[in-house]
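Visitor: I have a chain open and would like to go through it with someone. Can we start from the overall layout and then get to single residues?

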Amino acid sequence: MPSIVVPQTASAGAATNPTDPVTFSDERRGALATAKQRAEGYDIYHDFPPLPNLANKQHTPTSILVTGAAGFIASHVAIRLVRLYPHYNVVGVDKVSYCSDEK
């Protein structure tokens with residue numbers, strides 16, 4: 001006959017896991033519910049503070065960053081970008097490892 005294992009509940013004096021939702025106090029559960037309601041109702045476009053000093057400034061990009069530029073595909077992309085957009089600074093970054101081409 002197979003044995004049945006019944007999980008034991010933690011006693012009042014035993015240490016509990018603070019990240020286990022089952023062991024949360026009523027106060028903490030209420031705080032989590034309130035935080036969840038506030039997060040769901042948050043509208044980034046409405047609730048974000050206005051930044052009037054930054055609103056009038058415009059940025060025109062002058063550089064293009066190509067990551068993995070020593071690899072086969074990205075090296076060709078970087079070369080093509082240099083030829084197509086000579087007025088931009090094309091910067092290639094790569095962690096040169098065993099599968100890179102340093103040409």
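Guide: We will go from the overall fold to the core, the surface and a charged pair.

Guide: Keep in mind that this is a predicted model.

Visitor: Fine. How many helices and strands does the protein chain have?

Guide: The protein chain has 4 helices and 2 strands. Read from the N terminus, their order is α-α-α-β-α-β.

Visitor: What share of the residues is buried?

Guide: Of the 103 residues in the protein chain, 9% are buried.

Visitor: Which residues form the largest nonpolar core?

Guide: The largest nonpolar core consists of V66, A69, A74, A78 and L81, 5 residues. Helix α4, residues 72–84, contributes the most to this core, with 3 residues.

Visitor: What does V66 touch?

Guide: Leaving out residues up to four places away in sequence, V66 touches A74, A78 and L81, and also V90, V91, G92 and V93.

Visitor: Staying with helix α4, is S75 buried or exposed?

Guide: S75, which is found in helix α4, counts as buried because its relative accessibility is 16%, and the cut-off for buried is under 20%.

Visitor: Where does the side chain of S75 reach?

Guide: The S75 side chain reaches the backbone oxygen of G71, at 2.8 Å.

Visitor: What about I79?

Guide: I79 is also placed in helix α4. With a relative accessible area of 43%, I79 is partly exposed. I79 and G92 are 13 residues apart along the chain, and their C-alpha atoms are separated by 9.9 Å.

Visitor: Switching to the surface: which residues form the nonpolar patch?

Guide: L65, V91 and V93 form a nonpolar patch on the surface, and together they have about 250 Å² of accessible area.

Visitor: Where is L65 found, and why does L65 count as exposed?

Guide: L65 is in strand β1, residues 63–67. L65 counts as exposed because its relative accessibility is 56%, and exposed means over 50%.

Visitor: And V91?

Guide: V91 belongs to strand β2, which covers residues 89–93. At 40% relative accessibility, V91 counts as partly exposed. Apart from neighbours within four places in sequence, V91 is in contact with I64, L65 and V66.

Visitor: How many residues apart in sequence are V91 and T67?

Guide: V91 and T67 are 24 residues apart in sequence, and the C-alpha to C-alpha distance is 8.4 Å.

Visitor: On to charges. How many salt bridges does the count come to?

Guide: The count is 1 salt bridge. R29 forms a salt bridge with D26, and their closest N and O atoms are 4.0 Å apart.

Visitor: Which helix do R29 and D26 lie in?

Guide: Both R29 and D26 lie in helix α1, residues 26–40. They are 3 residues apart, about one turn of the helix.

Visitor: How accessible are the two partners?

Guide: R29 counts as partly exposed, at 39% relative accessibility, whereas D26 counts as exposed, at 64%.

How values were computed:
Residues numbered from 1 in each chain as written. Predicted model: local features only at pLDDT ≥ 70, side-chain atom pairs only at ≥ 80, totals over all residues. Heavy atoms only, no water. Salt bridge = Lys/Arg side-chain N within 4 Å of Asp/Glu carboxyl O. Buried < 20%, exposed > 50% of the residue type's maximum accessible area, 1.4 Å probe, protein only. Patch = residues over 30% accessible without salt bridge, like charges linked within 9 Å, V, L, I, M, F, W, Y side chains within 5 Å. Areas by Shrake-Rupley, 256 points an atom, 1.4 Å probe, with all protein chains shown as cover. Core = buried A, V, L, I, M, F, W, Y, C linked by side-chain atoms within 4.5 Å. Contact = heavy atoms within 4.5 Å. Polar contact = N/O pair within 3.5 Å; in protein donor to acceptor, adjacent residues only side chain to side chain.
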